[in-house]
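Here are my notes on the model you sent. They are set out as numbered points.

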Amino acid sequence: MAAREVARTPENKVYSKPRLLTDAVMHFCPGCSHGTIHKLIAEVIDEMGMEHEAIGISPVGCGVLAYDYIDIDWVEAAHGRAAAVGTAIKRLNPSKLVFTYQGDGDLAAIGTGETIHACNRGENITIIYINNAIYGMTGGQMAPTTLLGQRTATTPQGRDAAQHGYPFKVGDMLAQLDGVCYVTRQSVHTPASVRRAKKALRKAFENSMQQKGLSFVEFVSTCSSGWKMTPVEANRWLAEHMLPVYPLGDIKG
Amino acid sequence: MEEIRLMKGNEVIAEAAVRCGCDGYFGYPITPQSEILETLTMMRPWETTGMVVVQAESEVAAINMAYGGASCGKRVMVSSSSPGISLMCEGLSYLAGAELPCLVVNVSRGGPGLGTIQPSQADYFQAVKGGGHGDYHLIVLAPGSVQEMYDFVSWGFDLAFRYRNPVMILSDGVIGQMMEKVVLSAPKPRWSDEQIAEMWGSWAVTGKPASRTRNIVTSVELDPLRQERFNHKLTDKYRTICEREARCEMVGCDDADYVIVAYGSSARISQKVVELAAEDGLKVGLLRPITLYPFPEREIERLSHRVKGFLSVEMSMGQMIEDVKLASRCRVPVYHFGRTGGVIHTPTEVYEALKSNFLQK
Ligand SMILES: Cc1ncc(C[n+]2csc(CCOP(=O)(O)OP(=O)(O)O)c2C)c(N)n1
């Protein structure tokens, strides 16, 4: 009892919940990367002093309720269309910090067209891309990013290249486009990777405010429920299986 | 500051948008409406009023750009023709579900499928009954002249913001392509950020100022009971719209035996039919719905007690006829006549159809 009170004095405080994260109880499953990435976004916006300038666009997917958790203005877009929504918001409000938050089904399947063209036009927005190699929200079906051999609800025998094609490396493709100023692939599965990811996110947001073109921040992420693993197993699986296919680091800029 | 010019219906849409302080236009080329985007890029309004004009990569992207702009309390517009409007239908449902104002112009053409590039009125069901999914309606305006193409842009924006609902101008290739004299009103400025914050601060996404809590534009609901409550609220709004906003024009209906119901270019053609009938001593009136949703039900219901029949004239296989039957409670015969697939009916054809339906049966 006494020890707990000591730990709560301000001098001993080493961490607190980011100011811009609301008190709403997150719906994310234990071990899911979404919550950690939300935390980073809230921290970076606050540290940049952009609370009043930020407009987020949430996807259809597990990130849909981002507006309940991060205390800024939000628009919830139709499945895959966040980059088009963001295009207009930024063009009509050039001084705002505009970013989209999208899963790999949302961005790399149904929204591929909107994504490529927003990138190619060099819209001054940041795209935050959550690659968890699966459709989380709809119950664990194959995504374009699903690894070869990976079992999902729609690839019960494992993804087979002959039938389903190959894991889609969206960041590498977008890096080819002249309108894109920054492409980076990050993760949040270790404390060190969280720190690096935060720096990358800040760089992307700064690019957007300096009108440098489109910044693309991919997060190689876990989906413990969709993968049918414990949180610890999911983090290990990410390191062992996803990172060889989706290596971390800057791809452009 | 008023100006009179000879202009095409499509050009006038562009001119009206700039003059009424539109903030953003998003479009994708498709005949017979490409002049709207072309005229805007000729006018370069981004250098004068600051209006944003984007050629999108598809109609899907265009309507979602409009969704983004509308979320910010901006006056935004898209235009397309039939196949492109089909692609926009998901977005229209989202706009209605999120209660966002937006102006959509459909210069429609023959279908189904890729169809033809000639004028048609076969998108009535899509415009009036939904098109997209869920319990929603668009407010649908049907211009009958180039002047109305101009006037309805400003009217459409007013309705869209008053009711926070997407508004469609349902035109066709005849009105879009034809040239007429048009009176252009004096330009109105775009709203400033301060005006938007003042007028639409309760919902518009502008970056959350210290003075308010965050705004969220969304159409998702996890609890079906809350969705049901919201749908009741939307329906109350549509009921108010039906009570207040239905408009129609009536020509010679007071003592008519037969009434033609026709909108847009079909109404222009039917005016001639009324004249042909008068020459033969037949009492034929014309009721021209100016709003298709809300439909001018009251006027048709009133006439249905007195007239001997209605002829719904539309360039389709017969779509609006269903609303004429409903409004008239089927008290008297209701027939349809219309060429379709991009073929335009002649006044003589319509007149013959009227006579064969009502006089030889
Ligand atoms: C037009 C349309 N098609 C399909 C769906 C169903 N749906 C909802 S979320 C989703 C996929 C989500 O997966 P992802 O983008 O990878 O995000 P995650 O849930 O994994 O974070 C799908 C297909 C929808 N809402 N709208």
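1. Conventions. This is a predicted model, in which local features need pLDDT of at least 70 and side-chain atom pairs count only at pLDDT 80 or more, while totals for chains, interfaces and linings use all residues. Residues are numbered from 1 along each chain as its sequence is written, chains are lettered from A and ligands numbered from 1 in the order in which they are written, and side-chain values use heavy atoms, with hydrogens and water left out.

2. Domains of chain B. Domain 1 of chain B puts 30 residues into the contact and domain 2 of chain B puts in 25 residues, where contact means heavy atoms within 4.5 Å.

3. Area between the domains. About 2200 Å² is buried between domain 1 of chain B and domain 2 of chain B, with 54% of it on carbon and sulfur atoms. Buried area is the accessible area (1.4 Å probe) that two parts lose on being put together, summed over both. On the domain 1 side, B:Q121, B:Y124 and B:F125 lose the most area to domain 2 of chain B, together 33% of what that side buries.

4. Three salt bridges are counted between domain 1 of chain B and domain 2 of chain B (a side-chain nitrogen of Lys or Arg within 4 Å of a carboxyl oxygen of Asp or Glu). One salt bridge of the model joins the side chains of B:R288 and B:E148, at 2.8 Å from N to O.

5. Make-up of the domain 1 side. The elements of chain B that give two or more residues to the side of domain 1 touching domain 2 are α5 (124–129), β6 (139–141), α6 (146–163), β7 (166–172) and α7 (173–177). Helices (H or I, at least four residues) and strands (E, at least two) are DSSP runs, numbered from the N terminus. The largest share of that side, four residues, comes from α5(B). Its residues divide into 17 nonpolar, eight polar and five charged, where Ala, Val, Leu, Ile, Met, Phe, Trp, Tyr, Cys and Pro count as nonpolar, Asp, Glu, Lys and Arg as charged, and the others, Gly among them, as polar.

6. Contact between the chains. Chain B gives 36 residues and chain A gives 35 residues. The two chains bury about 2700 Å² between them, of which carbon and sulfur atoms give 59%. In chain B, B:E57, B:K208 and B:R214 lose the most area to chain A, together 24% of what that side buries.

7. Salt bridges at A:R81. Six salt bridges are counted between chain B and chain A. The side chain of A:R81 meets that of B:E90 at 4.0 Å, N to O, and also forms a salt bridge with A:E114 at 3.1 Å, N to O. Within chain A, this second pair links the loop between β2 and α4 (82–92) to helix α6 (residues 112–120), 33 residues apart.

8. An open sheet of eight strands, with mixed pairing, has the order β7(A)-β5(A)-β6(A)-β4(A)-β3(A)-β1(A)-β2(A)-β9(B). β7 (249–252) of chain A and β9 (216–217) of chain B stand at the edges with a single partner strand each, so one side of each has no neighbour in the sheet. Strands pair if DSSP finds at least two bridges between them. Two bridges join β2 (residues 73–76) of chain A to β9(B) in parallel, and A:W74 has B:I216 as its bridge partner.

9. Backbone details. Most residues other than glycine have a negative phi, and most peptide bonds are trans. The bond from B:T31 to B:P32 is cis, with omega near 10 degrees, and the bond from B:Y293 to B:P294 is cis, with omega near 0 degrees. B:E99, not a glycine, has a positive phi of about 55 degrees; B:E99 lies in the loop between α4 and β5 (102–108) of chain B.
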